[in-house]
Amino acid sequence: MPTAADTIAAYMAAWNEPDASKRMALLDKAWADDGVYIDPLADVKGRDALAATIAGFHAQQPGARIELASGIDQHHNQVRFRWDFIGADGKVAVAGIDVGEIAPDGRLARIIGFWADPPAK
């Protein structure tokens, strides 16, 4: 079974892979068949739906990438990590955090993404 670090590495690589077939191969390693992905603009279920969401990211943001910007915090089957959205100009456009759940087979069952810092108190 893959480690959480291996799974998240494949997941992050999928977000940065412009080739659809290579992206799907990475998602096969990282994403549960019925995994759920939620962020401020998306709420999708299943590998194909996530692949389409990522394809939309590439279409809207050519040359952009998402980089892991922290270690992986894990307890039980829960994970969280920080990421940076790097624009085509090489600058951080948005920083965010993902909170997720690891399925029994070691792949991601759920990711909930938050963009930017929490609102001020």
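A nonpolar core is understood here as a set of buried Ala, Val, Leu, Ile, Met, Phe, Trp, Tyr and Cys residues joined through side-chain atoms within 4.5 Å, where buried means under 20% relative accessible area, exposed over 50%, and partly exposed in between (1.4 Å probe, protein chains only). The structure is a predicted model, in which local features need pLDDT of at least 70 and side-chain atom pairs count only at pLDDT 80 or more, while totals for chains, interfaces and linings use all residues. Residues are numbered from 1 along each chain as its sequence is written, and side-chain values use heavy atoms, with hydrogens and water left out.

The largest nonpolar core has 27 residues, and those with the most contacts inside it are Tyr-11, Trp-15, Trp-31, Tyr-37 and Leu-50. Two or more residues each are given to this core by helix 1, helix 2 (20-30), strand 1, strand 2, helix 3, strand 5 and strand 7, where helices (H or I, at least four residues) and strands (E, at least two) are DSSP runs numbered from the N terminus. Helix 1 gives the most to this core, with 7 residues.

Within helix 1, the buried residues are Ala-4, Thr-7, Ile-8, Ala-10, Tyr-11, Met-12, Ala-14 and Trp-15. As background to such a list, an α-helix has 3.6 residues a turn, so residues three or four places apart point the same way.

Strand 1 (residues 31-39) pairs with two other strands, pairing being assigned if DSSP finds at least two bridges between them. With strand 7 (residues 108-115) the sense is parallel, over 4 bridges, and Val-36 has Arg-110 of strand 7 as its bridge partner. With strand 2 (residues 42-45) the sense is antiparallel, also over 4 bridges, and the two strands form a hairpin with 2 residues between them. Ile-38, which lies in strand 1, has Asp-43 of strand 2 as its bridge partner. Ile-38 counts as partly exposed because its relative accessibility is 23%. Ile-38 and Asp-98 are 60 residues apart in sequence, yet 9.6 Å apart in space, C-alpha to C-alpha.

Open space was examined on a 1 Å grid over the protein atoms alone, a pocket being an open set of points where a 1.4 Å probe fits, with protein on both sides within 12 Å along at least five of seven lines, and lining residues having an atom within 4 Å of a point. The largest pocket has a volume of about 450 Å³, the volume being the space filled by probe spheres set on the points, which are joined across faces, edges and corners. Its lining comprises 18 residues, of which Trp-15, Asp-39, Leu-41, Phe-57 and Trp-115 lie nearest the centre of the pocket. Helix 3 (47-60) is among the elements that give two or more residues to this lining, and the largest share, 4 residues, comes from helix 3.

His-76 lies in the loop between strand 4 (73-75) and strand 5, and counts as exposed because its relative accessibility is 75%. Ala-116 lies in the segment after strand 7, and is partly exposed, with a relative accessible area of 46%.
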